[in-house]
Amino acid sequence: MKILGIDSSGMVASVAIVSDDVVIAEYTMNHKKTHSETLLPMIDEIVKTSEFKLEELDAIAIASGPGSFTGLRIGAATAKGLALAIDKPIVPVKTCEGLAFNMWGAEGLVCPIIDARRNQVYTGLYQVQGNVNVIMDQEPMDIHELIEKINTLAHNVSSDSILSGEAGVSRLGEPAAVTFLGDGVPIYEETIWLETKVPCKMAPANMNRQRASSIATYGAILYKEGKYVNADDFAPEYLRKSQAERVKEEKEGAINEKAK
């Protein structure tokens with residue numbers, strides 16, 4: 001099983017080739033250059049240096065969103081172009097699930113938070129032991145609302161129940177600890193520490209941003225489950241309208257209101 005992973009959903013641009021349980025190559029950059037400048041050269045570099053032929057791939061896994069609208073579009077265009085050229089399927093991996101997979105084997109709950117501006121984040125809540133168990137599916141949410149939900153859900157899915165693989169509150173009733181990661185952490189870290197009423201921690205630097213190796217590894221699991229599409233059918237999962245679309249609707253609404 002050979003998978004090319006691509007993640008351009010945030011500031012990080014990351015590509016990786018994973019063969020079964022081995023990361024053959026990974027190139028990750030978190031810098032000021034745009035993904036349109038870096039993504040294809042990064043893919044070209046790991047293919048050349050690893051002497052890997054793209055035709056050997058079984059599929060291309062990509063972070064399908066949410067995230068940066070521009071980044072998602074660039075990643076989608078890149079994945080679709082490659083998939084069409086080598087006639088391979090695309091495995092869409094939800095961005096928050098791909099981020100959560102960075103913390104595979106972590107005890108408790110994993111909460112990725114991606115900055116969506118205006119006190120909004122893209123987020124979800126997961127157990128990541130053996131697979132990605134969705135406690136709360138990814139969605140845009142106010143950061144304060146998210147923490148309120150975590151304070152409740154961490155008690156409903158407790159530490160003992162996670163370790164035993166059973167849902168519900170454990171005999172001891174101890175809430176599950178929560179690990180936060182993603183580019184929203186440095187922006188909302190003070191709020192997280194102040195408002196979270198259950199044990200929590202922040203993921204370390206090597207795990208706290210998008211990694212294409214996680215997208216590829218988790219993508220291989222999804223591929224085996226038949227969760228892939230052809231290139232023509234793939235589209236990013238934005239979850240909400242772009243800022244330009246929202247501004248346009250506001251202007252049109254104001255004009256219509258004025259005309260009444």
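Me: Which residues does Pro89 touch, not counting residues up to four places away in sequence?

Reply: Contact means heavy atoms within 4.5 Å. By that criterion, Pro89 touches Asp58, Ala59, Ile60, Tyr223, Tyr228 and Val229. This is a predicted model, in which local features need pLDDT of at least 70 and side-chain atom pairs count only at pLDDT 80 or more, while totals for chains, interfaces and linings use all residues. Residues are numbered from 1 along each chain as its sequence is written, and side-chain values use heavy atoms, with hydrogens and water left out.

Me: Is Pro89 buried or exposed?

Reply: Buried means under 20% relative accessible area, exposed over 50%, and partly exposed in between, with a 1.4 Å probe and protein chains only. Pro89 has a relative accessible area of 17% and is therefore buried.

Me: How are two packed helices described?

Reply: One gives the angle between their axes and the distance between the axes. Axes are lines fitted to C-alpha atoms, for helices over the stretch in contact, and angles run from 0 to 180 degrees between N-to-C directions. Helices are DSSP runs of H or I with at least four residues, strands are runs of E with at least two, and both are numbered from the N terminus. Here helix 1 (residues 35-49) and helix 2 (residues 69-86) pack at about 30°, their axes being 10 Å apart. The contact involves His35, Ser36, Leu39, Leu40 and Ile43 of helix 1, with Gly71, Ile74, Gly75, Thr78 and Leu82 of helix 2.

Me: Which residues of helix 4 are buried?

Reply: In helix 4, Ile143, Leu146, Ile147, Ile150, Asn151 and Ala154 are buried. Their cover includes strand 6 (109-117) and helix 6 (185-195).
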